[in-house]
Amino acid sequence: QVRLIESGGGLVQAGGSLRLSCAASGRTINSYFMGWFRQAPGKEREFVQAISQSGGTTWYADPVKGRFTISRDNAKNTVYLQMNSLKPEDTAVYYCAATQKCSRACYSPVLYEYWGQGTQVTVSS
């Protein structure tokens with residue numbers, strides 16, 4: 001079983017930046033597609049961004065295009081989400097996830113086998 005632990009969340013003002021980290025243990029993540037999802041109170045979990053095993057391909061949701069950047073360091077068994085120009089609507093619990101069964105796209109949460117516990121991101125106006 002792959003265990004994932006997110007960190008780096010917090011409270012920031014609109015326009016600010018945060019970098020989230022997802023540290024994996026139990027298994028190496030070099031053979032996994034990795035994704036970030038978020039869930040606001042009363043809302044369904046939604047896709048944010050994903051990255052292929054070697055980092056050569058990324059998938060992204062339109063609301064974060066040009067503002068968020070996913071990256072991975074397989075040597076450190078860690079995935080990152082750099083979040084810039086944050087908006088109040090970005091407020092949510094952010095989760096990282098891992099899967100080996102992506103097809104052409106990796107944006108469906110149903111595809112992901114392993115999930116972290118989440119980290120809270122709050123953006124004030």
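## Disulfides

A disulfide is a pair of cysteine sulfur atoms within 2.5 Å. This is a predicted model, and a search of the whole structure finds two disulfides. With bonded cysteines counted along the chain, their pattern is 1-2, 3-4.

One of the disulfides is formed by Cys22 and Cys96, whose sulfur atoms are 1.9 Å apart. Cys22 belongs to strand 3 and Cys96 to strand 9, so this pair ties together parts that are 74 residues apart in sequence. The torsion about the S-S bond of Cys22 and Cys96 is about 55°, so the disulfide is right-handed. Both Cys22 and Cys96 are buried.

Cys102 and Cys106 are also joined by a disulfide, with an S to S distance of 2.1 Å. Buried means under 20% relative accessible area. Cys102 has a relative accessible area of 15%, so Cys102 is buried. Cys106 is buried as well, at 0% relative accessibility.

Four strands make up an open sheet, and their order is 1-3-8-7. The pairing in this sheet is antiparallel. Strand 1 (3-7) and strand 7 (68-73) are the edge strands, and each pairs on one side only. From one strand to the next, the twist averages 15°.

Five bridges link strand 1 to strand 3 (residues 18-25) in the antiparallel sense. Within this pairing, the bridge partner of Ile5 is Ala23 in strand 3. Arg3 is also part of strand 1. Not counting residues up to four places away in sequence, Arg3 touches Ala23, Ala24, Ser25 and Gly26. The C-alpha atoms of Arg3 and Arg27 are separated by 7.9 Å, and these two residues are 24 residues apart along the chain. Arg3 has 46% relative accessibility and counts as partly exposed.

## Strand 5 and its partners

Strand 5 pairs with strand 4 in the antiparallel sense over five bridges. Phe37 has Phe47 in strand 5 as its bridge partner. Strands 4 and 5 form a hairpin with six residues between the strands, and Gly42 in this hairpin takes a positive phi near 75°.

Strand 5 is also joined to strand 6 by three bridges, and these two strands run antiparallel. Here Gln49 stands opposite Tyr60 in strand 6. Strand 5 and strand 6 form a hairpin, again with six residues between the strands. In its turn, Gly55 has a positive phi of about 85°. Strand 5 is mostly covered, with five of its six residues buried.

## Nonpolar cores

The largest nonpolar core has 27 residues. Those with the most contacts inside this core are Leu4, Met34, Trp36, Phe68, Leu81, Met83 and Tyr94. Among the elements that give two or more residues to the core are strand 4 (33-39), strand 5 (46-51), strand 8 (78-83) and strand 9 (92-99). A second, separate core has 11 residues, including Phe33, Ala50, Cys102 and Cys106.

What does Met34 touch, not counting residues up to four places away in sequence? The residues touched by Met34 beyond that range include Leu4, Ile29, Gln49, Ala50, Ile51, Ile70 and Tyr112.

Arg67 lies in the loop between strand 6 (58-60) and strand 7. Is Arg67 buried or exposed? Arg67 is buried, with a relative accessible area of 11%. A polar atom of the Arg67 side chain lies 2.8 Å from the backbone oxygen of Pro63. Leaving aside neighbours within four places in sequence, Arg67 is in contact with Gln82, Met83, Asn84, Ser85, Leu86, Lys87 and Asp90.

Most residues other than glycine have a negative phi. Asn77 is not a glycine, yet its phi is positive, near 55°. Asn77 sits in the loop between strand 7 and strand 8 and counts as buried at 13% relative accessibility. Ser85 also has a positive phi, of about 50°, although it is not a glycine. Ser85 is found in the loop between strand 8 and strand 9, and Ser85 is partly exposed, with a relative accessible area of 41%.

Conventions. Residues are numbered from 1 along each chain as its sequence is written. This is a predicted model: local features need pLDDT of at least 70, side-chain atom pairs count only at pLDDT 80 or more; totals for chains, interfaces and linings use all residues. Side-chain values use heavy atoms; hydrogens and water are left out. Two strands pair if DSSP finds at least two bridges between them. Axes are lines fitted to C-alpha atoms, for helices over the stretch in contact, and angles run from 0 to 180 degrees between N-to-C directions. A nonpolar core is a set of buried Ala, Val, Leu, Ile, Met, Phe, Trp, Tyr and Cys residues joined through side-chain atoms within 4.5 Å. Buried means under 20% relative accessible area, exposed over 50%, partly exposed in between (1.4 Å probe, protein chains only). Contact means heavy atoms within 4.5 Å. A polar contact is a pair of N or O atoms within 3.5 Å; within protein, one must be able to donate a hydrogen and the other to accept it, and residues adjacent in sequence count only if both atoms are side-chain atoms.
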